[in-house]
2 protein chains.
Amino acid sequence: MSRKPRLRSGSGVTMHDVGQAAGVSAITVSRALHSPERVTPALREKILQLVEQLGYVPNRSARQLASARSHTVLVLIPSLSNTVFIDALAGIESVLQPAGYQMLIGNTHYSDSEELALLRAYLQHSPDGLLVTGLQQAEAFSRILAERQLPAVYMMDLSDDGRPCVGLSQEAAGAAMTRHLLQRGRRRIAYLAAQLDERVLKRLQGYRQELTAAGCHDPALEWLNPAPSSMQLGADMLDALLAAHPDCDAVFCCNDDLAIGAIARCQQRGIAVPAQLAIGGFNDLQAAAWTTPPLSTIATPRFAIGAAAARLLLQQLHGQQDSGGSRCLDLGFQLQQRGST
Amino acid sequence: MSRKPRLRSGSGVTMHDVGQAAGVSAITVSRALHSPERVTPALREKILQLVEQLGYVPNRSARQLASARSHTVLVLIPSLSNTVFIDALAGIESVLQPAGYQMLIGNTHYSDSEELALLRAYLQHSPDGLLVTGLQQAEAFSRILAERQLPAVYMMDLSDDGRPCVGLSQEAAGAAMTRHLLQRGRRRIAYLAAQLDERVLKRLQGYRQELTAAGCHDPALEWLNPAPSSMQLGADMLDALLAAHPDCDAVFCCNDDLAIGAIARCQQRGIAVPAQLAIGGFNDLQAAAWTTPPLSTIATPRFAIGAAAARLLLQQLHGQQDSGGSRCLDLGFQLQQRGST
DNA sequence: CGCCGAATTGTTAGCGCTAACATTGCGCAC
DNA sequence: GTGCGCAATGTTAGCGCTAACAATTCGGCG
């Protein structure tokens, strides 16, 4: 008996201790906590009181190890510095937290390989499900999901292959802004893009379709820059664009960051917005309403997307398998017309 | 033997399986993975190869249960929608990730009680350490930390009671902006604040000290609003302030959100900034450089704070107890003078 | 009055891993 | 050769919890 006692993590109070204090076995405590209907009300009351009194904190690892359920959801987003994803995160949190699930947040930095690495790393936590941004992942990514039969919901876009997803048609949204600019009488409409993730490219598709249909598509007006998006970049790209194409009469920026930089640069250079140049953004960030002039943009329901995606995932986790029909939720978008167009 | 096999979470490949494939015992696999020097190089190589081949994924719960270490750090921040904390988060991630630690992120919504509840909830994961925003927590909060001897590092501010912390003097920073406005010849300097967390109030202290020293402190110019901060609120508060005090010649906003709203409203109302009214912000968010005129503000090293705090915590975790001396790290701040002052 | 079934509680075993101790093997000094 | 010491690997037990099955209790009914 000279064995050293093991280090205890946590407060050291176990279910067994609580049970002993209550004069019952550990399993009864477990039941009192997790399936109250299987324990006499009086006893349950007593146990809950002792839990409080002894400061018992359940050990999640033990629970998970024994039950093979982690009550944990892995959330993969491309960036922490982009409000878009933070908003979605808040929506997710608002659903998972009350449901007793905890989220593990992985930041993929817009990289497929990092995304895959994160998935591998976080698998150690055996998450019960997965919320991913976008539809395009590394090939091994989907393989792992399939192997483990890990339920996943895809966010921010719409799939046509039956994968459950919650989002909006990036293509349609790109088309909508382009159409808006056409309706305002513009014909030389540029597309300014950075980061170039799948969503940005789909918006580009929408832009192309509309312009082609209107007979004024000019590939020279597509300015694509793989660098991370920023206001500085928006300003710089605007300068470059106007230097090459002074006849340009509208700019569709793939997101509000670029647009805010562009609009500020116009202000600095004395270019009249929208008289001389109309500017459109995407996402409707808070700051979009406070530029001079205020920015016209596409409002996207990020919070709602996150929340709905989380709900959809929980449905899958709780057995309501395929409730039939398409599990793709289109939450749409809204054109916010303001002073810049 | 009629017992049903338990559900397996994960791929089902265990350390034991890998060991068997390699002709060794499970513990050797464990050692090959976690303390390579205790295993012959050739054998280790073979094991690593099998791990890859069989798709073995360690089970973190089991590891944690057996070793009483979770390799997990709990990070508590007041808000996800405030870039300030997201930046700190990124700094934390940049240190913890490479060190093999994972972060659990708790959003306290600026509430002491929610913070306490989150701590309780996340204790179930038995985190090895804790990174908290601010110095003021619920009373029970510190008690729990003490009971469990949970190492913690406090972020964003400086303590004088020996708690390890990484941040800047909010008071000094508030004083610095105020001094700057005084130096620009202003005498009727208002303080516009929202959210009213401890940091905002400390900046207020600095503001008061400077103005009192300069003999032009007027409590009527302190506008404190407990509502969450936003650009809209900044604009509204500016209107209210000027309606009550048309003689006001400078406004120090407790953060850039308010300031951007205020500056935009001035633009809309034709108030000349800075000629008629100087405006100062706080934090130096990206958008601050792109208002018209660009916003003067106090730049705070959020990323560095997060990173340093994480490093400090890791030091504590790895036994280098008190390396003596104050464990308070002052990373300072920097006045960014731009067009608005 | 004994037996049945439902409700309540208990027993046993094991989830996958690692700390602690035990064993084996091997080179080397004498 | 014998024994010593160290390095490499194995054995045992147990972390805290819960699934599955077992036992007990109790009310009701023929």
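**Close-up views of a protein pair and a DNA strand**

**View 1. The interface of chain A and chain B.** In this predicted model, 50 residues of chain A are in contact (heavy atoms within 4.5 Å) with 50 residues of chain B. Between them the two chains bury about 4,400 Å², 58% of it on carbon and sulfur atoms; buried area is the accessible area (1.4 Å probe) that two parts lose on being put together, summed over both. In chain A, the most area is lost to chain B by Q124(A), R148(A) and W290(A), together 17% of what that side buries.

**View 2. Polar contacts across the interface.** Eleven residue pairs, both at pLDDT 80 or more, are in polar contact across the interface of chain A and chain B. A polar contact is a pair of N or O atoms within 3.5 Å; within protein, one must be able to donate a hydrogen and the other to accept it, and residues adjacent in sequence count only if both atoms are side-chain atoms.

**View 3. DNA strand C and its surroundings.** Of the 28 residues around DNA strand C (a heavy atom within 4 Å), those that come nearest are T28(A), T40(A), M15(B), S30(B) and Y56(B). In the side chain of R31(A), an N or O atom is 2.8 Å from a base nitrogen of DNA strand C.

**Notes.** Residues are numbered from 1 along each chain as its sequence is written, and chains are lettered from A and ligands numbered from 1 in the order in which they are written. Local features need pLDDT of at least 70, side-chain atom pairs count only at pLDDT 80 or more, totals for chains, interfaces and linings use all residues, and side-chain values use heavy atoms, with hydrogens and water left out.
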